[in-house]
Amino acid sequence: LNSLDRFWVNAAAPILLNIAMIVGLWFFHGADAYETARVQAIAVTVGGALQLGWLMIACRGSGVSLRIRRPRFDDDMKTLLKLILPAAAGAGAVQINLLVSTALAGRLLDPGSISYIYYADRLNQLPLGLIGIGLGTVLLPTISRLLNNGRHDEAMETQNRGIELALFLTLPATIAFIIAGEPIVRGLFQYGAFTPEDTVKCAWALAAFSLGLPSYVLVKVLTPGFYAREDTRTPVRYATMSIGVNLVGNLVLIPLIGHVGPPLATAIASCVNVWLLYRTLSARGHFEADAKLRRRVPRLALATLLMGATLFGIDRLIDPWMTGRLMIRFLALGGLVAGGVAIYGAACFLTGAFRIADLKALAARRRTA
């Protein structure tokens, strides 16, 4: 479906999983926590089946015939396995790093540390899922098509604009999580057993995670430059190296800064991964930052700092409303987000960092690729 430019179908599929889990929780929750957990596990399976059915129907509507056939281990299958196994391993580097960090946190840190890391990661995954996965999904078939047609300059141009868009969207999220992380965590999670002290500790973990947010997304933007050229081994080699960096980082940072160590180690490992990917693409002549990208990155950084300075004052005004009733919390969070978006948009306009026309041009480029 992605190769046919029907990106929205696959992007919408997880909604069915969410619906299945919400229905299971709302209507079929059990008498105790364990029974409720079993219902949720069943809901995940039901949601998976719904997603599969949704995608199969969409494929049939796009003229793609899916039938059960006897497996044949032919040359095409050998090529697929040769390419997909390293790619799958490389794509899971962030998750593997998080798994390593969580395991070490459970063994070396105080009780509750894993919860701080988990909740912080849930928030950090929001922009990563919306931006990083989306960009990676769009760029891979687009760059592959351009390279297959011999349009190498356009492929490089597309990747430059992808990096621009990634930084345009992730830099403000990073600053927002660092400066306004505490009121965000308080508004979402500070209920019942989740105390104000827990909010502060979770916000520190969120700030550490967010330092790597641009690099988490840039990994998704740079790896299509390898995959489109059927090189899936280089990204997995660098991902393995980043896992090693993460492990060492955890062992060094946990004794120094406690539960903030694992998120910070994950962010550092991701930055190392991005640097290796960028350096290799540049050395091979497959990527070069063009004049527009070099000009806009400092302007995006300036716009982000202007937004951060303003948020520093706004979040102090909104923070007292984050412990009110549910609707009050939602309104306060909505006001904080809307204020940040408006300020960042104005800052981008003033600094010339980005314009609406740039987004339209990127969309038009993908449609004509």
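Tutor: Quick ground rules: the model is predicted, so local features need pLDDT of at least 70 and side-chain atom pairs count only at pLDDT 80 or more, while totals for chains, interfaces and linings use all residues. Residues are numbered from 1 along each chain as its sequence is written, and side-chain values use heavy atoms, with hydrogens and water left out.

Student: Okay, why is Asn124 called buried?

Tutor: Buried means under 20% relative accessible area, exposed means over 50%, and partly exposed lies in between (1.4 Å probe, protein chains only). Asn124 has 1% relative accessibility, so it counts as buried. You'll find Asn124 in helix α5; helices here are DSSP runs of H or I with at least four residues, strands are runs of E with at least two, and both are numbered from the N terminus.

Student: What does Asn124 touch, leaving aside its neighbours within four places in sequence?

Tutor: Contact means heavy atoms within 4.5 Å. With those neighbours left aside, Asn124 is in contact with Phe177, Leu206, Phe209, Ser210, Leu213 and Tyr216.

Student: How far apart in space are His152 and Phe287?

Tutor: Their C-alpha atoms are 9.9 Å apart, although the two residues are 135 residues apart in sequence.

Student: What makes something a nonpolar core?

Tutor: It's a set of buried Ala, Val, Leu, Ile, Met, Phe, Trp, Tyr and Cys residues joined through side-chain atoms within 4.5 Å. The largest one here has 67 residues, and Ile163 and Leu300 touch the most other members. Helix α5 (residues 113-148) gives that core its largest share, 11 residues. Not counting residues up to four places away in sequence, Leu300 touches Glu164, Leu167, Phe168, Leu171, Tyr344, Cys348, Ala353 and Phe354.

Student: How do you know that helix α8 has the span you'd expect?

Tutor: The expected span is 1.5 Å times one less than the number of residues. For the 15 residues of α8 (residues 196-210) that gives 21 Å, and the end C-alpha atoms are 21 Å apart, so the two agree. Among the buried residues of α8 are Asp198, Cys202 and Phe209.

Student: Why are α5 and α9 called roughly parallel?

Tutor: Two packed helices are described by the angle between their axes and the distance between the axes. Axes are lines fitted to C-alpha atoms, for helices over the stretch in contact, and angles run from 0 to 180 degrees between N-to-C directions. Under 35 degrees counts as roughly parallel, over 145 as roughly antiparallel, 65 to 115 as roughly perpendicular, and the rest as oblique. α5 and helix α9 (residues 213-227) pack at about 15 degrees, with axes 9 Å apart, so they are roughly parallel. Residues of α5 that meet α9 include Asn124, Leu128 and Ile131.

Student: What about α9 and α11: which label do they get, and why?

Tutor: α9 and helix α11 (residues 261-283) pack at an angle of about 30 degrees, with their axes 9 Å apart. That angle falls under 35 degrees, so they are roughly parallel to each other. On the α9 side, the contact includes Ser215, Leu218 and Phe226, and on the α11 side Pro263, Ala267 and Leu281.

Student: What makes α6 and α9 roughly antiparallel?

Tutor: Their axes come within 8 Å and cross at roughly 165 degrees. Anything over 145 counts as roughly antiparallel, so α6 gets that label relative to α9. Among the α6 residues that meet α9 are Gln159, Ile163 and Thr174.
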